[in-house]
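Subject: Structure handover

Hello,

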Amino acid sequence: MRSIKDYTQSNRAAWNQIMPAHQKANKARLDAAFKDNNYSVISSPEIEEWNLLGFKNKDIAHLCCNNGIELMSLKNLGAGECVGFDICDVAIEEAKSRALASRNECQFVRTDVFAIPDEYNSKFDIAYITVGALGWIPDIKGFFEKVKALLKPSGTIFIYELHPVIEMLPTDDNHDVNPLQIIEPYFKKEPYAETTGLDYIGKTDQQTTTQYWFVWKISDIIMAVIEQGFNVSRFIEYSHDISESHNRNQTAGIEIPMSYILVAKSNAS
Ligand SMILES: C[S@@+](CC[C@H](N)C(=O)[O-])C[C@H]1O[C@@H](n2cnc3c(N)ncnc32)[C@H](O)[C@@H]1O
């Protein structure tokens, strides 16, 4: 059996290997777009929830931030101190250099989320987790323990994630399978171990070191949040795909849950 560190080191290597392919596909465009200090990649359902919560001048920690474009967008839209954390060396370099070039004041720190230095504890109003982050986390309870430590006592968790129902269905690469055929269990115990599929941006079939992807059920996530002393204040399921890998499911004619937003507030707030 592998340890959390083994999974994470392998995932770090895979992300470092794939990022140049992502950058080939989108870095120049993003560099140019963020020259505009009003630029944002935050989509409309998400911004509606941000506005409902209120995020202007709030300090935000973004866990698993990759190249930082979502956090830089929130900063452009009026967030307070913003710090992004990610284990991938190449992604954090990209985030830092784009933030510097576009005079965006987000900070970015290359670290495993489980090793975020204690100096960041109790610093943030909001912990932000978005689009394909939770699947990389080998220990969901430990993750939300860390999230709680980063937040001020009145802190809020904001999650916009892939719905685990799509994990049961074939990805777009499985051309020969009916997109609505259930091919995997919802109650998946072991992580998926894959060496392909990570260049969902450039759509190349580049191989990587083994990537370990964990399927957390909605109940795993809600319970992990509740057990850390948070009350769920918003939970919305959507039929749109944010994974970039399940377009066939989305257009197959039956609406299924493909993404969700969950907002949880500390019960000390
Ligand atoms: C799909 S990205 C999610 C970020 C962003 N929403 C995006 O779409 O680019 C997943 C990120 O999680 C990071 N990651 C995986 N395991 C991590 C860990 N243990 N600590 C910090 N970051 C991690 C990866 O390096 C990767 O950049």
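Glu 94 and Arg 98 both sit in helix α4 (residues 89-101), four residues apart, about one turn of the helix; helices are DSSP runs of H or I, at least four residues, numbered from the N terminus. This is a predicted model, in which local features need pLDDT of at least 70 and side-chain atom pairs count only at pLDDT 80 or more, while totals for chains, interfaces and linings use all residues. Residues are numbered from 1 along each chain as its sequence is written, and side-chain values use heavy atoms, with hydrogens and water left out.

Glu 94 and Arg 98 form a salt bridge, with their closest N and O atoms 2.6 Å apart. A salt bridge here is a side-chain nitrogen of Lys or Arg within 4 Å of a carboxyl oxygen of Asp or Glu, and the count by this rule is ten. Glu 94 is buried at 3% relative accessibility and Arg 98 at 2% (buried is under 20% relative accessible area, exposed over 50%, partly exposed in between; 1.4 Å probe, protein chains only).

A second salt bridge pairs Lys 141 with Glu 227, at 3.2 Å between the closest N and O atoms. This pair links distant parts of the chain, 86 residues apart: Lys 141 is in helix α5 (residues 140-150) and Glu 227 in helix α6 (residues 218-227). Lys 141 is partly exposed at 47%, as is Glu 227 at 45%.

Asp 220 and Lys 217 also form a salt bridge (3.1 Å, N to O); Lys 217 counts as buried at 18% relative accessibility. Shared partners join the salt bridges of Lys 27, Asp 31, Glu 94 and Arg 98 into one network.

Regards

Note on methods: Helices (H or I, at least four residues) and strands (E, at least two) are DSSP runs, numbered from the N terminus.
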